[in-house]
Amino acid sequence: MWLTNSSVGRKVVMSVTGLFLVLFVTFHALMNAVAVISFDAYDKICEFLGANWYAVLGTLILAGGFAIHIIFAFILTFQNRKARGNNRYAVNARPKNVEWASQNMLVLGLIVCCFLILHLVQFWAKMQLPELMDRPHLGGYAALQATFSLVWVLPVYLIGFAALWFHISHGFWSAFQTLGTANDKWINRWQCISKWWASIVFILFAVEACYFTWFFAL
Amino acid sequence: METNISFKLKVWRQANAHAEGRFETYEMHDIPTDTSFLEMMDILNEQLIEKGEEPVTFDHDCREGICGMCSLYVNGHPHGPATGATTCQLYMRRFHDGDTITVEPWRSAAFPVIKDLMVNRNAFDQIQQAGGYVSFQTGGAQDANAIPISKDAADEAMDSATCIGCGACVAACKNGSAMLFLSAKVSQFALLPQGRAEAKRRVKAMLAKMDELGFGNCTNTGACAAECPKNIKLSNIARLNREFICAKCSD
């Protein structure tokens, strides 16, 4: 299977799952915006996405996407470190035009992953999971209140969003480069779109988290 | 204007492929700034030979930037701090009096050190042998105007063909990936009608060989293109990916 056997194939898997996750975080940021406008509407969305079959199926696909992306990240990093050899350079200079994020994707991904676990504990474990087990669960408003009434949540979330910004700002254009949809013109265009997309997602999430903290904690 | 500079040279010394390597520091005095980097290394070696020590082994051949043999990692850059130039095109005027200049070999698992600063880049030859050529389709000679080639494609193919296979891309890549080299070798044919006939077989065979030889996976950091002495562009890698994905999908 060329998707696992070849270097380009493995990168295609990273690209496709990565783009899928970018789409997911974009929808997530937009969905959160509903809560800023109306908590009632947000509760409706949470109810709609509760433990219905399509929501469970969606969750499984999403979890699969995350799992493949993370597993391949470790495989690729392991292979790349091996290819680099045992001797490291004594002097290393990062050339101009090389993004810092591009050389630290695994670390950034791990920060995002830690944030994701915290986020799942704070929301998913109190909402969809107990509902699936027929136990009492929180609605959207109650879960937001339980989380954002704690002041430490905001700075921790902002760190997670920042790592996500760096990760997407490289990952997004990199995916299109790997899929072969770039040339001299489009590399620059994808890089520009990448920065914009990452920034819009970051601003949406950050503004939403700040609003919830202001509303529930202050 | 020519001046003389004195500096410290920190050079990687390694007796052979299996020996443990280490840095050795040499004091260089009154080197004219018009000296090329490799001439400076020659001066060092003459001094070492006069003292009865083993000279530093390093690769070099044409000394005019076209053969791809020179391969020093100088102060954190393959081929040194100059852009779009090989080590042999690097001059001591780039450095200052009192500097410490660190000289290392290419470091990559696929390019094992032979001795000191010389590495074995046979892996590139093997990748080329796997498909980096055009087989002759014998038959009646075509009319010169029968296969029109756009100026853009011709220029792009020519730019890709300027790759000298020095391995700076692998040396610069944190993943030890040879994708820039491979993409240049695939692109120079993929862009021309003469190369299209074997395009699918070529890209699959060359990529498989590259993976087999233990080069890393490309993560699009772009360090290769930034350090390439021939300014091979990153868009070649996108073309390689496109060629490979299309070839695999049509299997």
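Let's start with strand E1 of chain B, residues 4–13, which is joined to E2(B) by nine bridges, with the two strands running antiparallel. At one point along this pair, Arg13(B) stands opposite Arg22(B) in E2(B). Please keep in mind that what you see is a predicted model.

Let's step back to chain B as a whole. You can find nine helices and seven strands in chain B. Its C-alpha atoms fill a box of roughly 65 × 40 × 35 Å along the principal axes. Of the 251 residues in chain B, 45% are buried. And if we take the contacts in chain B between residues at least 6 apart in sequence, 70% of them join residues at least 24 apart.

How is chain B divided? There is a domain 1, covering 4–104, and a domain 2, covering 122–249. The C-alpha centres of these two domains of chain B lie 31 Å apart. Where they touch, domain 1 of chain B supplies 12 residues and domain 2 of chain B supplies 10 residues.

Next, the inside. The largest nonpolar core has 102 residues, and those touching the most other members are Cys169(B), Val170(B), Ala178(B), Leu180(B) and Leu182(B). Which element gives the largest share of this core? That is helix H8 of chain A, residues 153–178, with 12 residues. Domain 1 and domain 2 of chain B both give residues to this core too, so the core lies between them.

Leaving aside neighbours within four places in sequence, Leu180(B) is in contact with Cys169(B), Cys224(B), Ala225(B), Cys228(B), Ile232(B), Asn236(B) and Ile237(B).

Now for a pair of helices, H7(B), residues 199–212, and H9(B), residues 235–249. Their axes come within 9 Å and cross at roughly 105 degrees, which means that H7(B) is roughly perpendicular to H9(B). On the H7(B) side, the residues that meet H9(B) are Ala199(B), Lys200(B), Val203(B), Lys204(B) and Leu207(B). Their counterparts in H9(B) are Leu240(B), Glu243(B), Phe244(B) and Ala247(B).

Both of these helices come back when we turn to chain A. Here, 40 residues of chain B are in contact with 37 residues of chain A. The elements giving two or more residues to this side of chain B are strand E5(B), residues 100–104, along with H7(B), H8(B), residues 223–227, and H9(B). Which one gives the most? H9(B) does, with eight residues.

Let me finish with a loop. Between helix H2(B), residues 122–129, and helix H3(B), residues 151–161, you will find Ser135(B). Is Ser135(B) buried or exposed? Ser135(B) has 10 other C-beta atoms within 10 Å, so Ser135(B) is exposed. The C-alpha atom of Ser135(B) is separated by 9.2 Å from that of Gln194(B), although the two residues are 59 residues apart along the chain.

Notes:
Residues numbered from 1 in each chain as written. Chains lettered and ligands numbered in written order. Predicted model: local features only at pLDDT ≥ 70, side-chain atom pairs only at ≥ 80, totals over all residues. Pairing = 2+ DSSP bridges. Helix = DSSP H or I, 4+ residues; strand = E, 2+ residues; numbered from the N terminus. Buried ≥ 20, exposed ≤ 12 C-beta atoms within 10 Å, placed from the backbone. Contact = placed C-beta atoms within 7 Å. Core = buried A, V, L, I, M, F, W, Y, C linked by C-beta atoms within 7 Å. Domains from an automatic or database assignment. Axes fitted to C-alpha atoms, helices over the stretch in contact; angles between N-to-C directions. Parallel < 35°, antiparallel > 145°, perpendicular 65-115°, else oblique.
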